[in-house]
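Here is a short note for a colleague who is opening this structure for the first time. Please keep the view open while you read the points in order.

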Amino acid sequence: LEVRMEAREAAIYGPQVLQLLQDARRVLCDKYEVELDAVIDVEIFPRQQDFAIRTFGLPGGAGYLGVCFGRLITANSPAAQGADPSNWQAVLWHEFCHVVTLQKTNNRMPRWLSEGISVYEERQRNPAWGQRMTPDYRQMIMDGQLTPVSQLSGAFLRPPSPQHLQFAYYESSLVVEFLMERYGLDVLRRVLVDLSVGMPIEESLLRYIGPPAVVDQQFAEFARQRAEALAPQLQWRRDILPERATANELAELLEQPQHNYWLMQRLAQAWIDNEQWHRAQELLENLHASYPTDTSPLNAARQLARVYRRLDDPDAERRVLTALAELDGDATDVYLRLMELAAEQEQWETLRQQALRLLAVNPLIPPGHEMLSLAGERLQRFDEVIGAQRAMLQMNPADPARVHYRIASALKELQQTSEARREVLQALVDAPRYRRAQQLLLDLIETDVKD
């Protein structure tokens, strides 16, 4: 593996990039029985225009997070993605999966299968990564907008909208899930081997499953079952919603014998806007119980946490946010709030877990590193303290002397006294009257004398 990054970013999270890629290589190569006998290059760009020029040869491509060219991966860093970056770990895992499957097939595979395996493997690695069934995807399936497997490559060529393109990615992963559950990993690996020698995908699937019409029919039934399994106690019709209605008018609609997702979501928002917190709480608890895996922007868990916060119920707020954090790999606001709650209640392992989740999305801002360092000091995970504080040094900290002091303290705990002395001396260069640093230096000198 060779990773090229901007020097500052490499100092902040370069080791984590290498570790993730090494894990991906081990897990995915073993799963798909691939031996990579050449260097894999990974280039991560802090500016989107640089990524675009390197990847496409011209500006543009704003919707792309990463691209794989067989043995080369190019990716946008969190700095290139604006205020709401995507989970960089999920992106690199996805792209490295492309490396594995493209090498397995000698670059002879349809796009839908390549993307489907990568999205599927995201979910296998972390349930919060990848795509899952949503109300919109459910509606598209139920409305007959599912593309037959035999025509699925065409869904990527001229999608009617960005949502249709995202649905093509999800549907492709659902096909892979279908193949895995019905026929097993061994059959999928055999298909990849067939593709590597130039066999068309239709002929390969015919060998193990049946003709295209059979595959299309079996998958359509599988996808419909998945769609129907999404919160089956809820109703999903949108046409019952009036364009404009007061909260009381919406409540009257809900009193009729229906349990409609869109109506409940809109009424809950109306109760919140009117600061009728207890009414919103009852409705959102009902909706959340019916659809606990919702990760849409106005999902019940997120709204319910807001209500609990206004009602001064931090335990309930923490409970629903923790469940949401396990499902949403990009929810930085959720991780930040959970870190705040964990620090207040001195729940150090929880603080560490949420800090790591935040760093998997945006390692270029201080809060994740600061909270990981705090948790590391309490849990005696001093290697993590050192890494987090060294990252902080790259972010122009307001008090660099304190950062060097904390690194020195952690190094002392690891009995690395010479490195600790160097760090504490740097702290004293920045702040000569720093009493705690002076005392730490004396302690280190005394330790050297005893040794």
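What volume does the largest pocket have?

1. **The largest pocket.** The largest pocket has a volume of about 1700 Å³. A pocket here is an open set of points on a 1 Å grid over the protein atoms alone, where a 1.4 Å probe fits, with protein on both sides within 12 Å along at least five of seven lines; lining residues have an atom within 4 Å of a point. Grid points are joined across faces, edges and corners, and the volume is the space filled by probe spheres set on the points. The lining holds 50 residues, and those closest to the centre are L65, G130, Q131, Q166 and Y169.

2. **Ground rules.** This is a predicted model: local features need pLDDT of at least 70, side-chain atom pairs count only at pLDDT 80 or more, and totals for chains, interfaces and linings use all residues. Residues are numbered from 1 along each chain as its sequence is written, and side-chain values use heavy atoms, with hydrogens and water left out.

3. **What lines the largest pocket.** The elements that give two or more residues are β3 (66-68), α3 (88-104), α4 (111-125), α5 (135-142), α6 (162-183) and α11 (261-273). Helices (H or I, at least four residues) and strands (E, at least two) are DSSP runs, numbered from the N terminus. The largest share, six residues, comes from α3. By class, the lining divides into 23 nonpolar, 17 polar and ten charged residues. Ala, Val, Leu, Ile, Met, Phe, Trp, Tyr, Cys and Pro count as nonpolar, Asp, Glu, Lys and Arg as charged, and the others, Gly among them, as polar.

4. **The second largest pocket.** Its volume is about 640 Å³. Of its 32 lining residues, Q16, W88, Q89, L356 and L359 are the closest to the centre. At least two lining residues each come from α1 (7-32), α3, α16 (348-359), α17 (366-379) and α18 (382-393). Helix α1 gives the most, with eight residues. The lining has 17 nonpolar, eight polar and seven charged residues.

5. **The whole protein.** The secondary structure comes to 21 helices and four strands. Along its principal axes, the C-alpha trace spans about 80 × 65 × 40 Å. Of the 451 residues, 49% count as buried. Buried means under 20% relative accessible area, exposed over 50%, and partly exposed in between (1.4 Å probe, protein chains only). The protein exposes about 21900 Å², and carbon and sulfur atoms supply 47% of that area. Among contacts (heavy atoms within 4.5 Å) between residues at least 6 apart in sequence, 62% join residues at least 24 apart.

6. **Helix α8.** Which residues of α8 (residues 201-208) are buried? They are I201, S204 and L205. Seen down the axis of α8, the buried residues fall within an arc of 95 degrees, so they line one face of the helix. The arc is that of the directions from the helix axis to the C-beta atoms. An α-helix has 3.6 residues a turn, so residues three or four places apart point the same way. The buried residues of α8 pack against α4, α7 (185-196) and α9 (212-228). G210 follows α8, and its phi is positive, near 155 degrees.

7. **N87, a loop residue.** Is N87 buried or exposed? N87 counts as buried, because its relative accessibility is 6%. Its place is in the loop between β4 (72-76) and α3. Leaving out residues up to four places away in sequence, N87 touches W129, G329, D330, A360 and V361.

8. **L298, another loop residue.** L298 sits in the loop between α12 (277-290) and α13 (300-310). At 43% relative accessibility, L298 counts as partly exposed. L298 touches Q265, Q269 and Q303, not counting residues up to four places away in sequence. L298 and Q265 are 33 residues apart in sequence and 7.5 Å apart in space, C-alpha to C-alpha.

9. **Positive phi outside glycine.** D312 has a phi near 55 degrees, a positive value in a residue other than glycine. D312 is in the loop between α13 and α14 (314-325), and its relative accessible area of 67% makes it exposed. E346, also not a glycine, has a positive phi near 55 degrees. E346 lies in the loop between α15 (332-344) and α16. With a relative accessible area of 55%, E346 is exposed.

Technical notes:
Areas by Shrake-Rupley, 256 points an atom, 1.4 Å probe, with all protein chains shown as cover.
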